[in-house]
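Biologist: Could you take a close look at one part of this structure with me? I would like to see that part first and then how the rest is laid out around it.

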Amino acid sequence: MDKKLKIIGKSTSKLDGNDRVSGRSVYGHDIELPNMLYAKILRSKYTCAKIKYIDCSKALALEGVEYILTAKNLDVNMIGYKRDHPILKGETVNCQRDEIAAVAATSREIAAKAVSLIKVEYEEIKGIYDPFEALKTEARKINLNGQGEEKFGNKNIAESFEYSHGELKSMKKLSKVIVSRRYQFPRVTHCCMGTSNITADYSIIDGKLTLYSSTQVPFLYQRDMAHALKMEPSKIRIIQPIIGGGFGSKLDMLPFEPICALLSIKTGKPVQLLYSREEEFIASPTRQAMVIDLTSGVDEKGKFTFREVQITMDNGAYTSWGATTPFVMMQAYSSLYQIAACKFQADAVYTNNPNAGSFRGYGNPQATFSIERNIDLMAEELGLGKDEIRLLNANFPGEITGQGLLFKTCGAKPALLKVIEESNYKMKNREKQSGRYRRGVGLASMLHVGGGAKIYRSDGCGTRLKLDHYGFLTIITGSSEIGQGSETVLAMIACEELGIPLTHIKVINSDTDVKPWDVGVHASRTSFVAGNSLLGAISIIKQKLNSKAAQLMGCKNSDFVYENGFIKACEK
Amino acid sequence: MDDKLIKISFSLNGKSLTKNVSPSLFLIDFIRDELKLKGTKPGCREGECGACTVLVNGVAINSCLFLAINIHGKELITIEGLSSIEKPLHPIQEKMLEHGAVQCGFCSTGIVLTTKAFDDECRSDGKIPSRQEVKKSLEGHLCRCTGYTKIVDAAEDYLTHSSF
């Protein structure tokens, strides 16, 4: 492509940056609707217990309390990727964040006071906090809605993935050095600057539910919400306010969201639920904690022979999209560097720990760390340079990996060479240091999905374009903006193709009643998928404009130049 | 509701104002709920994140740790106070955008105000801060999107290149 680009590739100020930096942006925390109530959730006192009774009478008697929701008489479906998560817990609690009751009141203070007045009597049970304990046959079944027994042969397995390629046995025999290590990864939290929030507004007149939700996946969220509440999806309208960070945490719909919607349905008034920072740490998802047992082999020449990996993930009490991270991890184990044989097994195991969620990188940080560490250890044992062993096994253009990935282009080797040279790796690696603080240099490669992941039936995104009477373009896109800059990228693409200045381009992307389908913001897909959808729409609008312009100008239908907001006939 | 309200007079973004407030009311809630200025962000409500930073008599403070009654007789500047009809964006804000220091934006308004306070301090001392000093000036702010480098770049660019 030798076309000279006007704006793509040039540093461009964020389209929505002005509003964000000046405090004009409206985040979920800033929404105030007339007659709005405030919600607060009562969470479990124990990580594992039977609920004997819940007494809301004192709380209900408090002036300003409008409704208290408990599991009793609630006609809803379970939520979560495996539909194993009750919105409110009525009989047993399985983790610290479990929702027992929720109050809607006329002020935040009254809601908090009411929550403190709800009496719950528990019978504490000894919880299971180690996934290896949960896997033992004598262990209690943790999530009663789990289907591990039937599907995976163990009652406490929530989800399981396996994968293999190549002749593992013979490749093991060929190995000169075999390294086995266990890697343990703790749970970490996204810690978005804007805490979790939702404002629900149900109309008792027409039965429509409007949700101002910080979600990364508005259309999946609409579907999940409809399933949870037993509503028609199209009666639910999701409006995304400005979102104060996502990083994967907003890929799952969590109980607080249908809870808030239900409070609005029950009271007929708008209801807002905001997490405090403390609640955010207690009750928002985490990266899946995991234990990785990895065995890797290398032959006498330094060529990798095999990888065998068993991953045990701490799923927590309920299952989220985070349980599907092995999809991404198996790619790293099977295809990062040339690998003749690979065997991969990953189990997400129920425990009484906080339920995990998805987190950007989606398992890859854990996978890559273990792979690269084993490579270092093998190089040491084999007496080969850590740079040499990586160069020897680097992926290359045209390679078809055991998993069937075809690397049409691949810069692994040149990138490694550049890093080795520019970091002065050979010299630095020899420096011996002592003392408490030491500086070192390490090498690692990474292979990651991008441009979509096909985790749902459709990985698509729709675009609608509106060109107004005054030459302004409105891009109505399915994709969402969570701070990453998708509005700007899309506007730049349109500016490049249609020659309309950025100042004349608007992006509408926050309302499911208006925007076309999109699967969500994840898997580094928005620029590629939403961008290509936009390009498709642009080519249609260009055909229409070209034919109209040709008619008006009395020339042949071709060769117009789009520049500075004008369509010009090409000078021959 | 039981609190006896106390009358306070102060200047809000350059305009005089008198209000009756509860002695227990935090400044952040006064600003967001009563003055309806939503650019002051609630990130942690315990003085850790800096998102709710405002200027009181030119000093950057966490409005979540400050009682509203204590602005009596003082000058309060919120992020909205940096904009005027003639100049909608302060040069610090322009630098933040230029350097790509704004992503989700939740922390941005607080950072702008802290940089403004530090700039005023440097100007009155007649000094140009080092990068280390710029970093130090921003230590009370958390950001999850940018990795800080671009924020420090923007602040440094403004603090060391703006005309005296």
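How many of the ten residues of helix α10 (residues 326-335) of chain A are buried?

Modeller: Happy to walk you through it, keeping in mind that this is a predicted model. Nine of the ten residues of α10 in chain A are buried, so the helix is largely enclosed by the rest of the structure. Going along the helix, the buried ones are A:Pro326, A:Val328, A:Met329, A:Met330, A:Gln331, A:Ala332, A:Tyr333, A:Ser334 and A:Ser335. Their packing partners in chain A are the strands β7 (157-165), β14 and β15 (341-350), together with helix α11. Just past the end of α10(A), A:Tyr337 has a positive phi of about 70 degrees.

In α12 (residues 386-393) of chain A, the buried residues are A:Lys386, A:Ile389, A:Arg390 and A:Asn393. Looking down the axis of α12(A), you find these buried residues within an arc of 95 degrees, so they line one face of the helix. Their cover includes β14 (304-316) and α11 (364-382), as well as α13 (412-422), in chain A.

Chain A has 16 helices and 20 strands. Its radius of gyration is 27 Å, close to the 25 Å that the globule rule gives for 572 residues, so chain A is as compact as a globular protein of that length. Along the principal axes, its C-alpha atoms fill a box of roughly 80 × 75 × 50 Å. Buried residues account for 47% of the 572 in chain A. Of the contacts in this chain with a separation of 6 or more, 78% link residues 24 or more positions apart.

Chain A is assigned two domains: domain 1 is made of two stretches, 156-179 and 297-428, while domain 2 covers 463-569. The C-alpha centres of these two domains of chain A are 40 Å apart.

Elsewhere in chain A there is an open sheet of three strands, ordered β4-β2-β6 and paired antiparallel. Its edge strands, each pairing on one side only, are β4 (92-93) and β6 (119-124) of chain A. Between β2 (residues 49-55) and β6 of chain A, which run antiparallel, there are six bridges. Across from A:Tyr53 you will find A:Glu121 in β6(A).

Chain A also meets chain B, in a contact that takes 24 residues from chain A and 30 from chain B. On the chain A side, helix α1 (residues 17-22) gives the most, with five residues. By class, that side of chain A has seven nonpolar, 13 polar and four charged residues.

Chain B has its own domain assignment, with domain 1 at 6-82 and domain 2 at 91-161. Taken over C-alpha atoms, the centres of these chain B domains are separated by 21 Å. Where they touch, 17 residues of domain 1 of chain B are in contact with 13 residues of domain 2 of chain B. On the domain 1 side, the elements giving two or more residues are β3 (53-56) and β4 (59-62) of chain B, and the largest share, three residues, comes from β3(B). That side of domain 1 of chain B has nine nonpolar, six polar and two charged residues.

Technical notes
Residues are numbered from 1 along each chain as its sequence is written. Chains are lettered from A and ligands numbered from 1 in the order in which they are written. This is a predicted model: local features need pLDDT of at least 70, side-chain atom pairs count only at pLDDT 80 or more; totals for chains, interfaces and linings use all residues. Helices (H or I, at least four residues) and strands (E, at least two) are DSSP runs, numbered from the N terminus. The radius of gyration is taken over C-alpha atoms; the globule rule is 2.2 Å times the number of residues to the power 0.38. A residue is buried if 20 or more other C-beta atoms lie within 10 Å of its own, exposed if 12 or fewer, and partly exposed in between; C-beta atoms are placed from the backbone. Two residues are in contact if their C-beta atoms, placed from the backbone, lie within 7 Å. Ala, Val, Leu, Ile, Met, Phe, Trp, Tyr, Cys and Pro count as nonpolar, Asp, Glu, Lys and Arg as charged, and the others, Gly among them, as polar. Domain bounds come from an automatic or database domain assignment. Two strands pair if DSSP finds at least two bridges between them. The arc is that of the directions from the helix axis to the C-beta atoms.
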